[in-house]
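User: I've got a protein model here and I'd like to work through it step by step. Can you help me make sense of it?

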Amino acid sequence: MDWISLILSLAAGLLLLFAGRRFFWLAAALVAFLFTFNLFDNLFGGGWLGLIVAVVVGGIFAWLATKFIKIAGYIVGALAGAVGLPIFPHMFGFDMGWILAALIGAVAGFLLMLFLFDWGLILLTSWAGANAVVGKVTGLWSAGATIATIIFLALLAAGIFVQAGQMKAKK
C-alpha cells in the first residue's frame with residue numbers, strides 16, 4: 001500500500017502543480033482525492049477503504065466541477081487549503097496539530113478563491129501539488145526540514161510559473 005500511496009500522491013501532485021488551472025475538473029478531483037486520502041490516513045491509518053472512498057469522492061468532485069464551476073471552486077479552495085497547510089508549520093519546526101492547520105487552511109483557501117478565483121486556483125493547486133510531492137518524497141527518504149522546505153518552495157514556484165504562463169498564453 002505504501003508504493004501505491006507514493007505513486008498516486010506523486011502523480012496527483014505533479015498534475016496539480018502543472019495543470020491545475022487548465023484542467024479544473026481534474027484539479028477538483030485530485031484535491032478531493034488527496035484530502036480524503038489524507039483524512040483517512042491521519043484518522044484511521046489509511047488502507048484500502050481510504051483509497052476507495054478517496055477515489056469515489058474525487059469522482060464526485062470531478063463531476064461537480066464540470067457543472068458548478070464557482071461553487072466547486074470554493075469547495076476545492078477550502079480542500080486545497082486543508083490539504084496544503086498542515087505540512088507548512090512542520091517545515092519550520094512548529095507543531096499545531098493536523099486538524100487545526102487543516103481548518104485554518106480551509107478558511108484561507110476558501111477566501112482566496114472567493115476574492116481571486118483564477119490566481120487562487122493557480123496558487124492553491126500549486127500549493128497542494130507541491131505538498132503532495134514533498135510530503136511523500138521527504139517521508140520516504142527521511143529528508144530534513146530544510147531540504148523539504150527548499151524542495152517545496154522550488155516546486156511551488158515552478159507550478160505557479162508554469163500555470164501563470166498557461167493563463168497568459170490562453171488570453
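Here are a few questions and answers on this predicted model.

User: What is the angle at which H1 and H2 pack?

Analyst: Let's start with who's involved: helix H1 covers residues 2-19 and helix H2 covers residues 24-44. H1 passes H2 in a left-handed crossing. Their axes are 10 Å apart, and the packing angle is about 145°.

User: How many charged residues are in the contact of H1 with H2?

Analyst: On the H1 side you'll find residues including Ser5, Leu8 and Leu15, and they meet H2 residues, among them Leu26, Val31 and Phe37. Sorted by class, that contact has 11 nonpolar and two polar residues, and the number of charged ones is: no charged residues.

User: Which residue forms a salt bridge with Asp118?

Analyst: The structure holds one salt bridge. Asp118 sits in helix H7, while its partner is in the loop between H1 and H2, so the pair ties together parts 97 residues apart in sequence. The closest N and O atoms are 3.7 Å apart, and the partner is Arg21.

User: Which side chain makes a polar contact with the side chain of Thr125?

Analyst: Beyond its neighbours within four places in sequence, Thr125 is in contact with several residues, including Leu16, Gly20 and Ala27. A polar atom of the Thr125 side chain also lies 2.7 Å from an oxygen of Leu121, but that one belongs to the backbone. The side-chain partner, at 3.1 Å, is Gln163.

Conventions:
Residues numbered from 1 in each chain as written. Predicted model: local features only at pLDDT ≥ 70, side-chain atom pairs only at ≥ 80, totals over all residues. Heavy atoms only, no water. Axes fitted to C-alpha atoms, helices over the stretch in contact; angles between N-to-C directions. Helix = DSSP H or I, 4+ residues; strand = E, 2+ residues; numbered from the N terminus. Left-handed = near helix turned anticlockwise from the far one by under 90°. Contact = heavy atoms within 4.5 Å. Nonpolar A, V, L, I, M, F, W, Y, C, P; charged D, E, K, R; others polar. Salt bridge = Lys/Arg side-chain N within 4 Å of Asp/Glu carboxyl O. Polar contact = N/O pair within 3.5 Å; in protein donor to acceptor, adjacent residues only side chain to side chain.
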